[in-house]
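Subject: Structure handover

Hello,

Here is the structure we talked about passing on to you. Please open it and keep it in view while you read the notes.

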Amino acid sequence: MGALPKHVESIHPALWRATQLACAYGKTIDTGYAALSEQVPGGGWPVGTMTESLLQQAGVGEIRLLGPALVTVCKKRPIALVSPQQLPNAQGYAYVGIDPDKLMWLKTAKSSDALWGAEQILRTGSCGALVLWQQHIRAESLRRLLLAAQSSETLFVIMRPLACAHDSSPAPLRLAVRPAADGVAVEVIKRKGPASADPIIVKLLQLPDLMSEHRRAPRRTVELPVPAVELAALSE
């Protein structure tokens, strides 16, 4: 058997050396944070696959972390938010540059409905980005979502509790996200390349106090095929 070529990655873009960060295999969207982009394959959020963001707690800054990429996406295509743990705030999204008219909120009664809805969004390619929040999800469901994502050109990020970091996952990119001063600490726990030694401190855009107990975002409900789900588009 002959010696391997000097540049193994030249054989196929899906190959990489264990000591080097993999090149992009498909499209990526710039994270908007130089320190983070340097630590992920392709220098950005991967499109047409699944990224896991494992949160220490909901609302730690996960949407602001994705903010620059979502701003890029919403210029051309809508963004779907499936089963967010906190009520989406249209003013907050607008403040970071995301057009609320490009947002769709999918609220479901059951986890199975959320997974079904997410899979349909990926398979139809109806959205440029999909963010899914799930507390518990089986490995086979993750694999179905990954397969659906691979047939799309969608930026797909699934938000899960940090406790799931020890569970196996087919996601090629997994990040642990914890609160930090003026932002979040991001630890790359799985990527195509060498292990990441230190967390990446990402300073996030600080939001004004937009919450009001007297304000409720209006909803526009759309009926979907069985299993029934409630689709609400955020709008002012």
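The notes below cover a helix, some salt bridges and a serine.

This is a predicted model, in which local features need pLDDT of at least 70 and side-chain atom pairs count only at pLDDT 80 or more, while totals for chains, interfaces and linings use all residues. Residues are numbered from 1 along each chain as its sequence is written, and side-chain values use heavy atoms, with hydrogens and water left out.

Helices (H or I, at least four residues) and strands (E, at least two) are DSSP runs, numbered from the N terminus. Helix 2 covers residues 62-74 and has a kink of about 55 degrees centred on Pro68. The bend at a residue is the angle between axes fitted to the seven residues ending there and the seven starting there. Buried means under 20% relative accessible area, exposed over 50%, and partly exposed in between (1.4 Å probe, protein chains only). Helix 2 is largely enclosed by the rest of the structure, because 10 of its 13 residues are buried.

There are seven salt bridges (a side-chain nitrogen of Lys or Arg within 4 Å of a carboxyl oxygen of Asp or Glu). One of them joins Glu52 and Arg174, with the closest N and O atoms 2.8 Å apart. Glu52 is in strand 3 and Arg174 in strand 8, so this pair ties together parts that are 122 residues apart in sequence. Both Glu52 and Arg174 are buried.

Ser83 sits in the loop between strand 4 and helix 3. Ser83 is buried, at 18% relative accessible area.

Regards

Methods
Expected span 1.5 Å × (residues − 1).
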